[in-house]
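Work through the exercises below with the sequence and the 3D view open. Try each task before you read its solution.

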Amino acid sequence: MREVEVGYGSNESIGGGATRPGAAPLRRCSISKVAESSSISWRTTAVSFSNGEWASYPALVFLILDKLLEPIDHVRFAAVCKKWRSMSKLYNQATQRWHNKQLLPMLLIPNQDKDNDRRVLYSISEGRIYNNIQLQVPFKRRCSGSCHGWFATVDPTDQGVVTVTLRNPFTNANPIYLPPLNAHVSVYELSYFEHYVPKVILSTDPTLNPENYVVVALYHCWFELAFIKAGQNSWTYVNPAGTSYGDVIFYKSQLYAVTSFGAIGTLDVYGSDSNNPSQPPSIKLLTPRKPFRSYCLHAYLVETTKGDLLHILRYYVPKDGAFRFCNRQTLGFAVYKWVLNDEDGGGSIAHKVEVKSIGDEALFVGDNHSISVLASNFPGCQPNSIYYADDFLSTSPLADGDEANDMGIFNLEDGTITQHYSVKTNTQRAIWVVPPFNGLC
């Protein structure tokens, strides 16, 4: 199949909306079948190509759109004129290409131009930066999580207390200003208040479910757990205080958390009563307190495209023989799958299984809500690999520093590490994000 090039319009904005849940997997369209048939049926929608001039070139248009790897390129194609937009809609209706939750994450990176402080997007499939996309993300703020296209940033208020703000730079949604969170910021480390809220995730997109979403935050220097539901005016702090957590995920309609010792637990955030502070909710442990003989302090929870719950362990070594953690670099990853035992109806976990290969899956971990995609759906995406960003936060930032210098692609088959994008040191950290996209339908 020969390549076809096409010029783009000048409109660089990204379309709003979110992918439709429960959609069919990505499916390429057969050009030969399009040319032979006068119409394509997509569920109950009939797409006709017999209207005059359209009949002469739909196959060529589909060939061009098949070559565009990123959703944003389809938006740019559609922005050229009304006819191009109509053809882009026909393509997406016929192929269902973007009616899928699985979109390839992009890397939100700081612009390298010192005279223009802003964030831009980097495409790993194309290996290029989208410099002309203006994203309203505070440049000098650390992104304390990305989820469903939303970013969380943290601002200090009174001593020890911070506020969390949710922003979606890809849509026209208003920022969501959450109530004060008692992060217990040390008086000696006020300039590093962002370290006291390392990660924020959402149960769902607030744009689609404005009355029914949950925000979960890891907070304090030892990463305790708090959450708040839509419409509430205060956070709920999870008991017991002092328990340190490494990551959280919404999995099968429940919140799962992993402790600093590797134990897995669940929390019923939907049934919890935040109006009763005398009985704070507690994590229900589903595993032994220390299920690993040797464990690391940095881990992730991710749901695969098949619905498995993976536990990702990230190991560091000192860089260049240095002792201090500020010069650490990632040595490698270990992957485990937790097998759920649903026979008792309680969702208890039966056992863990070490995973030597994740096949066609590609995992994306960092400050973001952990993501898994099928690599074969995206040219340039490496299967059986873990794409990682630098998200190490020291408990002693004044001593260890905070340079972003540890990103790459870990191949599970041979244990090698390659680079996806190199960020200069002494700059804001990069974070994975999946821009919401409605398929132009």
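The exercises cover strands, a helix, nonpolar cores and a surface patch in this predicted model.

**Exercise 1. Decide whether strand 3 (residues 106–110) is largely enclosed or open, and find its partners.**

Solution. 
- Step 1: apply the cut-off. Buried means under 20% relative accessible area.
- Step 2: count. Five of the five residues of strand 3 are buried, so the rest of the structure largely encloses this strand.
- Step 3: sort by direction. Met106, Leu108 and Pro110 point one way, while Leu107 and Ile109 point the other way.
- Step 4: find the neighbours. Strand 3 runs antiparallel to strand 28 (residues 431–433), with three bridges. Strand 3 is also antiparallel to strand 4 (residues 119–123), with four bridges.
- Step 5: follow one residue. Leu107 has Trp432 as its bridge partner in strand 28, and Leu107 stands opposite Tyr122 in strand 4.

**Exercise 2. Give the strand order of the open sheet of four strands, and name its edges.**

Solution. 
- Step 1: read the order. It is 11-12-13-14, and the pairing is antiparallel.
- Step 2: Strand 11 and strand 14 (236–237) each pair on one side only.
- Step 3: Strand 12 (residues 214–219) and strand 13 (residues 224–229) are joined by six bridges. Val216 faces Phe227, and Val214 stands opposite Lys229.
- Step 4: inspect the turn. Four residues separate the strands of this hairpin, and His220 in the turn has a positive phi of about 75°.
- Step 5: go on to strand 14. Two bridges join strand 13 to strand 14, and Phe227 stands opposite Thr236. This hairpin has six residues between the strands, and Gly231 takes a positive phi near 90°.

**Exercise 3. Compare burial in strand 13 and in helix 3 (residues 71–78).**

Solution. 
- Step 1: strand 13. Six of the six residues are buried, so strand 13 is largely enclosed by the rest of the structure.
- Step 2: its two directions. Glu224, Ala226 and Ile228 point one way, and Leu225, Phe227 and Lys229 the other way.
- Step 3: helix 3. Eight of the eight residues are buried, so helix 3 is largely enclosed too.
- Step 4: check residue types. The buried residues of helix 3 include Asp73, His74 and Arg76, along with Ile72, Val75 and Phe77.

**Exercise 4. Which residues touch the most other members of the largest nonpolar core?**

Solution. 
- Step 1: the core has 40 residues, and Val164, Leu166 and Leu225 touch the most other members.
- Step 2: trace the sources. Among the elements that give two or more residues are strand 7 (150–156), strand 8 (161–167) and strand 15 (245–251). Strand 12 gives the largest share, six residues.
- Step 3: follow Leu166. Leu166 touches residues including Trp150, Phe151, Pro175, Ile176, Val200 and Val215.
- Step 4: look elsewhere. A second, separate core has 20 residues, including Leu104, Val120, Ala389 and Ile409.

**Exercise 5. Is Leu190 buried or partly exposed?**

Solution. 
- Step 1: Leu190 has a relative accessible area of 44%, so Leu190 is partly exposed.
- Step 2: locate Leu190. Its loop lies between strand 10 (181–182) and strand 11 (199–202).
- Step 3: Val187, Tyr188 and Leu190 make a nonpolar surface patch of about 350 Å².

Technical notes: Residues numbered from 1 in each chain as written. Predicted model: local features only at pLDDT ≥ 70, side-chain atom pairs only at ≥ 80, totals over all residues. Heavy atoms only, no water. Buried < 20%, exposed > 50% of the residue type's maximum accessible area, 1.4 Å probe, protein only. Pairing = 2+ DSSP bridges. Patch = residues over 30% accessible without salt bridge, like charges linked within 9 Å, V, L, I, M, F, W, Y side chains within 5 Å. Areas by Shrake-Rupley, 256 points an atom, 1.4 Å probe, with all protein chains shown as cover. Salt bridge = Lys/Arg side-chain N within 4 Å of Asp/Glu carboxyl O. Core = buried A, V, L, I, M, F, W, Y, C linked by side-chain atoms within 4.5 Å. Contact = heavy atoms within 4.5 Å. Lists of a residue's contacts leave out its neighbours within four places in sequence.
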